[in-house]
Amino acid sequence: MTSFAEPMSYWEVARENFFKKSGSTGNFGKLFNFFSPGRVNLIGEHTDYNGGYVFPCALNLGTYGTARKRGDNVCRFASANFDLEVQARLDKISYSPSQGWANYLLGVTDRFLKSGHKLGGFEIFIHGDLPNSAGLSSSASVELLMAVALNAMFECGMASQDMAKLSQRAENEFVGVNCGIMDQFAVAMGRKNHAIMLNCAALDYEYVPLELGGSYLIITNTNKPRQLAGSVYNTRRSECESALKSLQAKLSIKALGELSAEVFEEYSGLIADETCRKRAKHIVYEDERVKTAVGLLRAGDLAGFGRLMNESHVSLRDLYEVTGYELDTLAAAAWEQDGVAGSRMTGAGFGGCTVSIVRENAAENFIGRVGEIYQRATGLKADFYVVETGGGAGVF
Ligand code: GLA
């Protein structure tokens, strides 16, 4: 009997070529495989850096990596998704724009070294099925992939939560993006069929079963390039800081996330600047929404959960002003369709994706109609992903 081997896919050929080019220091370690998910946040947006609650889950889409140790102090990085291979020496790691996507991995490597872990040379090849720059945490996904790879290869004994914190530091200090902890935490700590209710001030968390009984989680990508995302994100952070400072004149609080809506309404007059007041109002009410929404989900009230998702989008549109025409068009089109419990932007905003909860038997109509309305309104074609939740980053 003749058996035919499956032809190798594009990325498998690229991976084989990458490891063939290793150079001959001899002494390579065995190959390890890793997977690190993306994440979608169901509710609780821009609350993480305000010490509030978020409610993300890890996805079954993400980044795969194959890695091995080398006998020298060189690290090599390649990806099937980008035409850029990067090589560096462990004793000479620094950020450079020319290193592109590899900066995220170099940043994590650098933080491992700075935390006192003993590393040697290594090489890693990655490929992924997560859309980049779409608000699904492709950056946190590659950071945690690098973290779990280093942790396994060099037996560093780090816990997942500490790898999340280290990866956030890498993104803040090495890459220079001032993100909160939500993405890295969700990617590191995800659990299949669960979302994570995370208090970002204390890093207390609880896994909440995500029982959608008969409904799908559908992610829709605006496919709008997110050029200004970084700078507007930082502006929002400072607007929140300024609102907090005004409130601290009378209230002894460390973060906006500590305020109930009631206390906020009583003292909001202390925030003289109207824009900052609006930003703070979003944070306080969004934080309350997370707590209410999680309660509703636990009680099996998916419709109630969905209504709060919609309210969250409206608040991000009108008070926090991070949605924009494309996300608003997608959300409004989703709200009109049958079988939609809720729909909202997810992640930082300014483009990126929406997340919707849609009854299984309404999904086909949803994808057809929302896609059509969106294309007519924007000239852009949206991509739809019917996703499942997944586990956190680890050996694959
Ligand atoms: C980005 C950041 C997160 C969080 C969200 C908004 O994804 O990386 O830390 O602030 O935006 O909720």
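Modeller: Asparagine 151 touches Phe112, Cys156, Gly157, Met158 and Met163, leaving aside residues up to four places away in sequence. Keep in mind that this is a predicted model.

Biologist: Which helix does asparagine 151 lie in?

Modeller: Asparagine 151 is part of helix H3.

Biologist: Is asparagine 151 buried or exposed?

Modeller: Buried. Its relative accessibility is 14%, so asparagine 151 falls under the 20% cut-off.

Biologist: How far is asparagine 151 from leucine 119 in space?

Modeller: The two C-alpha atoms are 9.4 Å apart. In sequence, asparagine 151 and leucine 119 are separated by 32 residues.

Biologist: Back to H3. How many of its residues are buried?

Modeller: 15 of the 16 residues of H3 are buried, so the helix is mostly covered.

Biologist: And what does H3 reach from its first C-alpha to its last?

Modeller: H3 reaches 22 Å. That is close to the 22 Å expected for its 16 residues at 1.5 Å a residue.

Biologist: What follows H3?

Modeller: Glutamate 155 comes after H3. Its phi is positive, near 45 degrees.

Biologist: At what angle do H2 and H3 pack?

Modeller: About 40 degrees, with the axes 9 Å apart. H2 covers residues 102–114 and H3 covers residues 138–153. That angle makes H2 oblique to H3.

Biologist: Is the crossing of H2 and H3 right-handed or left-handed?

Modeller: H2 and H3 cross in a right-handed way.

Biologist: Which residues make that contact?

Modeller: From H2, they are Tyr104, Leu105, Val108, Thr109 and Phe112. H3 brings Ser139, Val142, Glu143, Met146, Ala147, Leu150 and Asn151. By class, the contact of H2 with H3 has eight nonpolar, three polar and one charged.

Biologist: New topic. How do the axes of H4 and H5 cross?

Modeller: At roughly 145 degrees, and the axes come within 8 Å. H4 is residues 160–175, and H5 is residues 182–189. The crossing of H4 and H5 is right-handed.

Biologist: Which residues of H4 and H5 make the contact?

Modeller: H4 uses Ser160, Gln161, Ala164, Ser167, Gln168 and Glu171. H5 uses Gln184, Phe185, Ala188 and Met189.

Biologist: How many of the H4 and H5 contact residues are polar?

Modeller: Five are polar, four are nonpolar and one is charged.

Technical notes
Residues numbered from 1 in each chain as written. Predicted model: local features only at pLDDT ≥ 70, side-chain atom pairs only at ≥ 80, totals over all residues. Heavy atoms only, no water. Axes fitted to C-alpha atoms, helices over the stretch in contact; angles between N-to-C directions. Helix = DSSP H or I, 4+ residues; strand = E, 2+ residues; numbered from the N terminus. Parallel < 35°, antiparallel > 145°, perpendicular 65-115°, else oblique. Left-handed = near helix turned anticlockwise from the far one by under 90°. Contact = heavy atoms within 4.5 Å. Nonpolar A, V, L, I, M, F, W, Y, C, P; charged D, E, K, R; others polar. Expected span 1.5 Å × (residues − 1). Buried < 20%, exposed > 50% of the residue type's maximum accessible area, 1.4 Å probe, protein only.
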